[in-house]
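Keep the structure open while you read.

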Amino acid sequence: MKYVCSICGTTEDVATRNAKCDCGGLWKLDYKPPAFDLALVDRDTWSIFRYRAFMPLKGEQWREISLGEGMTPIVQFNKDVLLKMDYFMPTLSFKDRGAAVLITHCKAIGVDSVVQDSSGNAGNSVAAYCAKAGIDCEIFVPEGTSPKKVNMIKAHKAHVNIVPGSRDHCADVCRDKVANDGKYYANHVYNPFFYQGTKTYIYETYEQLHRIPAHIVIPLGNGTLVIGIVKALEELLESGVIEKMPQLIAVQSEHCDPFVKAVLVKAKRAAMNTTPQPTIAEGISIGVPMRSEEILQYIYKYDIKVITAPEDRILEARMTLAAKGVYCEHTTAANYAAYLKFCEMHGKIEDCLIPMCGAGLKSDH
Ligand SMILES: Cc1ncc(COP(=O)(O)O)c(C=O)c1O
Ligand SMILES: [Zn+2]
């Protein structure tokens, strides 16, 4: 198993401390899991690591790092909609899937200190797993990040830097630190191990339902859930477990939609200069998505629909969900608002899985 540069094809040992290739390309992981088979799932492990047969992990570090992430229920919300309750997680968001695997990798290769930038949730996850693993952690978040998220990161004893300016600028500041101080970049966008964790969203869905729903809504900022979901679905397809790709529907913010714009002109990569307008969907407010080429390849190959969540209906969607007992954060309500808009535009869709990625208490501001 090696890293492969997504631009020049150079290979590198996965124990490298380099966040990317010398040519600037991001790493991909050259790893092919065995054919997916429920018989390989370790049903005595009550976390995402029950699927470790399909993860590129050597050693047993996961045992000391797992916080019991994953295994989130799927709830029948109404006749057509299933909700996967990914805010039932140790740090209350789906990012724990990726962070648990990434920090296990860090521990396995002897990393003792990391930095990470985030709109809040990924930083929360990395901070929590570093705390469990005994790894020092420094998190950069943009100004305006929900105070609840910042407090949680601090509670995990990570050092927090609140950076004035946009989410994208915050990433630049953190990446400068990586380049200048040689810090390990435990980042959900750059590090391919993160996607090996978000794959479990689909493994779990299959194990729980014994099938994959016809439609799957996925938030799309940097695309860590999109990439994990597509990778896992490809594995299920190749293994003959499912016969066709479900219809994937990716959700961007109306105020920050570089993928929507790229698809309109069939571009190979997103324009890397989108300046996000303020949005309450802070988690998908990414103007410079670093893996846009890879994600656009998936979008064209699998005819993924990319739509925007109507900004002025996010709070209404959040209240509709909450009035039925589901209290999610604003970015997550955007998924439901976008689903409703999609139905208005294209007619009602049945059998649709929507992720409840982040908990409501995180965005009470
Ligand atoms: C609650 C929530 N949903 C969706 C996303 C979007 O994830 P990504 O940027 O990986 O596409 C985030 C990212 O922080 C998030 O916190
Ligand atoms: Zn390269």
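## Who surrounds the ligand?

Sort the shell around ligand 1 by class and you get ten polar, five nonpolar and two charged residues. That shell comes from a predicted model, so treat it as a computed picture. In total, 17 residues surround the ligand, and the closest are Asn121, Gly221, Asn222, Gly223 and Thr224.

Some of these neighbours also make polar contacts. The side chain of Asn121 puts an N or O atom 2.6 Å from an oxygen atom of ligand 1. Asn222 uses its backbone instead, with an N or O atom 2.7 Å from a ligand oxygen. For Gly223, a polar backbone atom is 2.7 Å from an oxygen atom of ligand 1. How much of the ligand's surface does the protein bury? On its own, ligand 1 exposes 390 Å², and the protein buries 98% of that.

## The largest cavity

The structure has two cavities of 30 Å³ or more. Ligand 1 takes up the space of the largest one, which holds about 270 Å³. Its lining counts 25 residues, and Phe94, Lys95, Gly283, Ile284 and Thr331 are the closest to the centre. Helices H3 (121–133), H8 (224–238) and H12 (330–346) each give two or more residues to this lining.

By class, the lining of the largest cavity has 13 polar, eight nonpolar and four charged residues.

## The second largest cavity

Here the space is about 70 Å³. The residues lining the second largest cavity include Tyr3, Trp27, Tyr184, Tyr185 and Tyr190. This lining has seven nonpolar, three polar and one charged residues.

Definitions and conventions: Residues are numbered from 1 along each chain as its sequence is written. Chains are lettered from A and ligands numbered from 1 in the order in which they are written. This is a predicted model: local features need pLDDT of at least 70, side-chain atom pairs count only at pLDDT 80 or more; totals for chains, interfaces and linings use all residues. Side-chain values use heavy atoms; hydrogens and water are left out. A residue is near a molecule or strand if one of its heavy atoms lies within 4 Å of it. A polar contact is a pair of N or O atoms within 3.5 Å; within protein, one must be able to donate a hydrogen and the other to accept it, and residues adjacent in sequence count only if both atoms are side-chain atoms. Accessible areas come from the Shrake-Rupley method with a 1.4 Å probe; for residues, only the protein chains shown count as cover. On a 1 Å grid over the protein atoms alone, a cavity is a set of points where a 1.4 Å probe fits but cannot get out, and a pocket is an open set with protein on both sides within 12 Å along at least five of seven lines; lining residues have an atom within 4 Å of a point. A molecule sits in a cavity or pocket if more than half of its atoms lie within 2 Å of its grid points. Ala, Val, Leu, Ile, Met, Phe, Trp, Tyr, Cys and Pro count as nonpolar, Asp, Glu, Lys and Arg as charged, and the others, Gly among them, as polar. Grid points are joined across faces, edges and corners, and a volume is the space filled by probe spheres set on the points. Helices (H or I, at least four residues) and strands (E, at least two) are DSSP runs, numbered from the N terminus.
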